[in-house]
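Please keep the sequence and the model in view while reading.

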Amino acid sequence: MSSIAELVREVRAAFEAAAGHTPPAPERKFNKDDEFVAYGLKVPTWRAIMRGFRPRLRTLSLDERLALAEALLHEGEGWLGHSGIYVLALSVGELGPEQFERLDRMADGFTGWSHVDDFCIAVLQPLLLAHRVETLALLERWNRSPNRWKRRASVVTFVRKAGESGEFTEDALRLCDNLVGDHEDLVRKGVGWALKDVMRGDRERVLEYVRELRRRGVSATITLYAIRDLRGEQRAEVLAVKAER
């Protein structure tokens, strides 16, 4: 796999050049309490660099792309991690349950919420649609993981189109409920985001669940995020629900 190591070096060199050879540093604007360390790039710059590598990535076999994604994620730098997820997204139509153990190991290379969210939307959501049972089993494992990024991923997989579809309401609520008392703020925020989007697909069911959470006195981080789409009387009615003593 010497060609993979060389490709990793080339990608890193492209990022270094784009960053003016300034070394990676902790990103504090959006990542105040995590370990995300990255070159000072903007998203459009990163995308342009990866588009330049895309023709070469297409020539690699699936196994080579997986090896590259794994190597990039384990470099420990934020944009290289996103590049690993980019490679996985290019390969998602070829991925199946037989690669899930490898994806599980790659997830140990996440260093911030942006890796989680990118991976969930670009990789896990297509896998959930194509391999529902096996993907839900993976999410169940991650839901109980000591790794906070895997716990966040176990619920963020249900945001946007997955939640809005209404197809995964009970699965999402079960996994969210396991994490409503999580000690990590970024996991709780992931729960709130998931509930907000799942509510778009099953409004009354999720709305009653959010009322229940308020009666249980769970973190307002979760319930306030969950009702971001609500306005007027409906929002006021939820906020009027107080914790039961």
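**Overall form and salt bridges**

Q: Which radius of gyration does the protein chain have, and with what value does it agree?
A: The radius of gyration is taken over C-alpha atoms, and the globule rule is 2.2 Å times the number of residues to the power 0.38. For 245 residues, a compact globule would therefore have a value near 18 Å, and with this the protein chain agrees, at 19 Å.

Q: What is the basis of these values, and how are residues numbered?
A: This is a predicted model, in which local features need pLDDT of at least 70 and side-chain atom pairs count only at pLDDT 80 or more, while totals for chains, interfaces and linings use all residues. Side-chain values use heavy atoms, with hydrogens and water left out, and residues are numbered along each chain as its sequence is written, from 1.

Q: How many helices and strands does the protein chain have?
A: Helices (H or I, at least four residues) and strands (E, at least two) are DSSP runs, numbered from the N terminus. By this assignment the protein chain has two strands and 14 helices.

Q: What percentage of the residues of the protein chain count as buried?
A: A residue is buried under 20% relative accessible area, exposed over 50%, and partly exposed in between (1.4 Å probe, protein chains only). Of the 245 residues, the share that counts as buried is 52%.

Q: How many salt bridges are counted?
A: A salt bridge is a side-chain nitrogen of Lys or Arg within 4 Å of a carboxyl oxygen of Asp or Glu. By this rule the count is 31.

Q: How many residues apart in sequence are the parts that R12 and E75 tie together?
A: The side chains of R12 and E75 form a salt bridge, at 2.7 Å from N to O. R12 belongs to helix α1 (residues 2–18), whereas E75 is in the loop between α3 (62–73) and α4 (78–91), so the parts tied together are separated in sequence by 63 residues.

Q: In which helices do R105 and E70 lie?
A: R105 and E70 form a salt bridge whose closest N and O atoms are 3.8 Å apart. The pair ties together parts that are 35 residues apart in sequence, because R105 lies in helix α5 (residues 100–107) and E70 in helix α3.

Q: Is R205 buried or partly exposed?
A: The side chain of R205 meets that of E170 in a salt bridge (3.0 Å, N to O). R205 has a relative accessible area of 35%, so this residue is partly exposed.
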